[in-house]
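Biologist: I'd like to learn how to read a model like this one. Could we go through it feature by feature, starting with the core?

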Amino acid sequence: MNGELIPKLKDNISHIKQLSGNSSDLLVNEFVTGGVHCALLCCEGMVSTSVITELIFEPITAIEAKKDSKELFHYIKEELLLSTDRPEVNDYDTLFRLIDSGFAVLIAEGMRTALAFGVQGYQSRGVQEPSGEGNIMGAHEGFAETIRTSMSQIRRRLKTPELVMELMVKGEKSRTDICLCYMKDRVPQELLSRIKGSLDEIKLESILSTGYIRPFVESQRFELFSSNGTTERPDVLCSKLIEGRVGLLVDGVPYAIVIPRLFCESFQTLDDYAFKPYYATFIRWIKYMAFILSILLPSVYTAIVMHHPELLNSTLLMILVEAERKAPLSIMTESIGVLLMYEIIREAGVRLPKPMGGAVSIVSGLIIGDAAVQSGLISTPLLTMTALAVMSGLCVPELNPPITVLRFSFLIAGGIFGLFGISLLACAVLVNVCATEDYGFPYTAPVSPFKKSGMGDTAIRSGFRKMQNRGFTVEEYHE
Amino acid sequence: MNKVTASQFSAMLLLSDAFALFGFTGRMSLFTVGAFSFGIIIQFVLAMLLIRCGRTEGKAVKWFYMLYFVFWGGVLFNMQWRTSEAIYIPYESSNGIWGKLLISGLIALACLYISSEGIKAVSRASLIAAAVGAVYLLIVAVSAARNADIENLTRAESNMSFRNEFIRSIAMSGGLGGLSVLAGITKGSPYKAVEKYFIAKAVMTLLIMLTVILAVGGIMKITDFPTVTAAQVSQPFSAQRIDSLFLIVFVICGVFSIGVQVSASAYLLRELYPAFKHYSSSITLAVMLLTAFLISKTDIYGTFTAAAVILALLIVPVFTAIKNRVKAGA
């Protein structure tokens with residue numbers, strides 16, 4: 001498809017149709033203007049019909065006779081100014097890429113080049129509130145699927161020439177637009193060049209979500225937690241860019257990849273910076289606690305009840321003994337069963353059509369849950385612990401996948417070996433988390449390696465008067 | 001090997017010291033505190049000497065340290081076996097030979113994974129583990145102090161001479177051998193890192209020992225593992241007993257201190273024999289477990305271990321001195 005354009009119009013059109021496999025959505029409008037035979041090519045559904053009619057057809061068909069097609073092209077390109085984005089096309093590869101991106105391409109008799117006009121008009125979801133990163137006092141605007149819209153959302157918030165957005169195309173078949181965003185005065189140059197190097201390694205046929213790219217920009221070792229993150233909020237991405245990080249936008253995906261991502265950032269939200277520091281600090285510690293509870297609560301409960309009942313005071317012990325006495329299964333089996341049930345219900349709730357979500361909640365929460373307790377299959381304290389653990393996990397939605405797997409792993413370790421098993425697994429998990437790093441940025445910074453300067457936005461949330469003098473960039477954490 | 005910070009350096013060595021103190025057997029008194037304090041001063045002087053002479057790259061020295069780390073790892077495994085008799089590890093017949101083997105196997109498995117992630121990851125994790133351990137120690141210390149009897153300070157009597165207590169303090173500091181490897185990969189001044197570590201070690205040793213004496217001074221004579229008993233008798237929460245919580249800190253300290261020995265010896269094995277690159281940690285661990293089995297009937301905190309520790313601290317300065325003399329002679 002890299003061949004040069006054929007100058008003879010009829011042959012050119014036939015060749016284009018042949019290359020496209022006579023695809024039904026390729027529209028070819030032949031006409032004569034300025035005394036030259038031309039054709040306007042576009043993809044149905046990708047262009048705005050009204051824009052084409054008003055801004056392309058009307059002015060083009062009104063052109064007076066020209067000496068030849070070369071003069072006609074010169075006139076259209078240099079004097080008519082039909083659209084702001086009007087690249088020149090020299091080969092079929094570019095021609096198809098532009099047509100498939102919503103451009104209208106003008107070819108003419110005797111010309112080895114073509115003119116493309118940006119008249120995109122495809123249907124897309126508009127800017128909406130982010131579904132997974134809600135907040136109270138910040139902007140209620142999330143990224144859109146259209147990459148240009150997402151780029152404009154960032155530019156609107158960072159009106160500085162230091163903000164650089166580099167567009168590139170990846171995916172042999174999908175030819176997906178990818179935008180690399182960074183602040184040229186903040187980003188560590190080594191990080192930038194290494195990310196570009198990683199992106200060059202992508203030889204995928206298609207890129208349909210951020211998940212296709214993320215493995216290329218993270219370490220190849222087994223990591224429980226991902227060293228790069230995603231956000232669907234332009235304001236969050238802007239705050240990361242200012243700290244010297246790199247953002248990656250993928251066309252068709254309303255999420256941006258942030259590189260590098262730190263563990264402590266999963267507990268930070270934009271609302272933290274809208275509230276008073278003391279309240280933000282309080283909320284942040286609630287989230288840290290929720291994270292620990294979400295992973296360890298079912299396993300510690302099981303371990304204590306099964307192996308270390310002496311840790312409980314006598315009143316609590318009697319309550320638990322009374323509750324568990326009626327349950328027919330072992331506590332570990334019960335816990336695994338309840339957690340599995342929750343995961344099945346959650347998965348069903350996510351995949352089902354929205355109108356059925358309510359029905360799922362009623363069936364799962366009221367009928368199954370209530371019936372299981374009433375029938376004595378599951379004890380009430382265990383169900384309470386499991387529900388609390390699950391709810392705690394929702395406080396840090398970004399970490400939900402590793403939390404889910406770790407919860408099961410710790411439960412099995414605690415059920416078999418009690419606190420000994422939990423401690424052993426905790427050591428292994430801790431080392432795995434500490435070994436996680438991306439391009440030399442440790443995931444556990446600023447806790448280990450300890451950076452005092454970073455604790456102002458980790459252990460507590462300092463006020464802006466303090467933070468404005470910090471001049472922080474992520475390079476401080478580089479090892 | 002990658003660079004570690006001074007705090008991480010201290011944390012790695014402190015976890016090993018804490019683990020050794022948790023497995024302290026026999027009586028503890030103010031006399032023991034004095035001997036251990038003196039021991040720390042001597043260790044500090046020797047450690048500074050070791051740092052001053054730098055690392056010796058000779059094959060013989062590498063061999064020595066590799067064997068030393070394997071030996072100290074074996075001592076730690078052995079200590080874990082002995083102490084687990086006083087700590088309830090939930091496994092059927094956990095005090096029997098098969099139970100002990102299973103527990104050691106699980107710890108070895110955790111250490112194998114830890115060492116496979118490299119010293120950088122271990123050092124980062126050690127810092128967090130040390131912080132968790134410090135919080136636990138403070139809780140135990142505060143709750144023990146609440147129930148403490150000041151007369152226990154004089155009531156607790158040692159059954160060893162000062163010399164023997166001093167030897168024990170040296171023998172329990174086997175983690176110091178790690179200085180030879182860790183000092184070379186520490187960011188910034190190694191002197192400052194060593195200073196920081198010894199200050200923290202002195203504070204930790206005094207805190208643990210005084211807590212133990214205050215809490216169990218009265219029953220020291222009938223206590224096999226005073227530190228474990230101190231954890232059992234201190235009641236910070238309204239629980240019936242909290243010694244199971246001690247298990248968490250005991251396991252964490254144990255896994256990290258053994259993990260550091262595995263990482264260090266595996267690193268030296270790889271340097272000596274690159275062909276063992278993929279199996280260095282497994283080989284080291286297997287030999288460590290074998291060593292632990294072989295020394296299971298001996299006094300692990302006796303003269304032999306103390307001599308090994310002293311040798312680990314002196315071998316580099318001695319080699320350097322000999323080298324310098326040979327150079328001067330030539």
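Predicted model: local features only at pLDDT ≥ 70, side-chain atom pairs only at ≥ 80, totals over all residues.

Modeller: A nonpolar core is a set of buried nonpolar residues joined through C-beta atoms within 7 Å. Here the largest one has 186 residues, and those with the most contacts inside it are A:Leu424, A:Cys427, A:Val431, B:Leu15 and B:Val255. Helix H14 of chain A, residues 400-435, gives this core its largest share, 19 residues.

Biologist: Which residues is A:Val431 in contact with, leaving aside its neighbours within four places in sequence?

Modeller: On that basis, A:Val431 is in contact with B:Tyr113, B:Ile114, B:Glu117, B:Ala121, B:Val122 and B:Ala125.

Biologist: How many residues of chain B are in contact with chain A?

Modeller: Chain B brings 32 residues, in contact with 26 residues of chain A. On the chain B side, helices H1 (6-22), H4 (97-116), H5 (119-146) and H11 (243-272) each supply at least two residues. By type, that side divides into 22 nonpolar, seven polar and three charged residues.

Biologist: And how many helices and strands does chain B have?

Modeller: You'll find 13 helices and zero strands in chain B. Its radius of gyration is 19 Å, close to the 20 Å from the globule rule for 330 residues, so chain B is as compact as a globular protein of that length.

Biologist: What percentage of chain B is buried?

Modeller: Buried residues make up 52% of its 330 residues. Among chain B contacts with a separation of 6 or more, 86% link residues 24 or more positions apart.

Key: Residues numbered from 1 in each chain as written. Chains lettered and ligands numbered in written order. Contact = placed C-beta atoms within 7 Å. Helix = DSSP H or I, 4+ residues; strand = E, 2+ residues; numbered from the N terminus. Nonpolar A, V, L, I, M, F, W, Y, C, P; charged D, E, K, R; others polar. Rg over C-alpha atoms; globule rule 2.2 N^0.38 Å. Buried ≥ 20, exposed ≤ 12 C-beta atoms within 10 Å, placed from the backbone.
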